[in-house]
Amino acid sequence: MATFDASKLNFPFMKYRKMLIGISLVCILASFGLLMTKGLNLGVDFTGGLVLQVKFEKPVDIAEVRSALSKIDQGNATIQAFDATDVLLRFQAQDDQVRKDVLDVLKTDVGNYKVLRIDKIGPVVGSELRAQATYALLLALAGILIYMAFRFRFRFGAAAVISLMHDVILMLGVYSLTGKEVSVTFIAAILTVAGYSLNDSIVVLDRIRENWGQVRGKGIVELVNTSINQTLSRTINTSVTTLLPVISMYLFGGEVISNFAFAFLIGIGVGTYSSIYIASSMLVEWYLRSPKY
């Protein structure tokens, strides 16, 4: 596959940094507004509910199962197929009547089955999962800041963490806007995107560090522009080659996989943008406002 070569480009990225930082701030404020007014559509893993796993005697289709559940107003259940006959169902309702109705409609409309497990997730367990997910993200951010400060400079680490927080907030805002379910797979997607975005940011910041002592007679703005242009080919080629399989996952991977892929698609977009503009722009603004500089 042909790759994009930007080695000869000299685009003035930092010329537009203030405008794009302003746009990002508007998007962040809009995301906070959505989170405070509309909130997130938390799944069973975080709110509590009923988890049911059954194994049918014959292969079944997820659409067939969902159609049957729709007859008892449970069509919004999360359905995950392990194979052609083994299906995992998650419902927000916990009462015994819902469980009985689900088992009855599956038998009459889909086919005979064997119940492998039935679990009830209480609200306490859900709140613990929310807390653990938050701690995991905060620990990841703290670890990144410490590593970047040790490996490069503190300002480089702070710029990377700000860029990463920008990506996470925008992803949460998109999920609030679209009403997509937030489940454990979404947390996995956020951490995956965090790694992806951080990797992109490190490539740019590392090139800035390398050029710091090699490019003489240039100010911080020109130095950062040069570094971004030098790494642009790698950034674009990585994003495109990552997008292709993720798009396939979103279109053909089924509901559970497509939910993960949707978060990853959003993350690739904002992560690529933030690695070029947010991390670098924060670094430029920090140094321009430093009396020592």
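Leaving aside neighbours within four places in sequence, which residues is Phe 156 in contact with? Here are a few notes on this predicted model, starting with that one.

1. Beyond its neighbours within four places in sequence, Phe 156 is in contact with Met 148, Leu 205, Ile 208, Arg 209, Trp 212, Leu 283 and Tyr 287.

2. Phe 156 also turns up in the largest nonpolar core, which has 26 residues. The members that touch the most others are Phe 13, Met 14, Phe 156, Leu 205, Ile 208, Val 224 and Ile 228. At least two residues of this core come from each of α5 (123-151), α6 (154-178), α7, α8 and α9 (254-288).

3. Helix α7 (residues 184-212) packs with helix α8 (residues 220-252) at an angle of about 145°, and their axes are 9 Å apart. The crossing of α7 past α8 is right-handed. Sorted by class, their contact holds 9 nonpolar, 10 polar and 3 charged residues.

4. Is Ser 197 buried or exposed? This residue of helix α7 has a relative accessible area of 1%, so Ser 197 is buried. Apart from neighbours within four places in sequence, Ser 197 is in contact with Ser 163, Leu 164, Asp 167, Gly 271 and Ser 274.

5. Strands β3 (residues 78-81) and β4 (residues 86-91) run antiparallel and are joined by 4 bridges. Together β3 and β4 make a hairpin, with 4 residues between them. For Ala 81, the bridge partner in β4 is Val 87.

Note on methods. Residues numbered from 1 in each chain as written. Predicted model: local features only at pLDDT ≥ 70, side-chain atom pairs only at ≥ 80, totals over all residues. Heavy atoms only, no water. Axes fitted to C-alpha atoms, helices over the stretch in contact; angles between N-to-C directions. Left-handed = near helix turned anticlockwise from the far one by under 90°. Nonpolar A, V, L, I, M, F, W, Y, C, P; charged D, E, K, R; others polar. Buried < 20%, exposed > 50% of the residue type's maximum accessible area, 1.4 Å probe, protein only. Contact = heavy atoms within 4.5 Å. Core = buried A, V, L, I, M, F, W, Y, C linked by side-chain atoms within 4.5 Å. Pairing = 2+ DSSP bridges.
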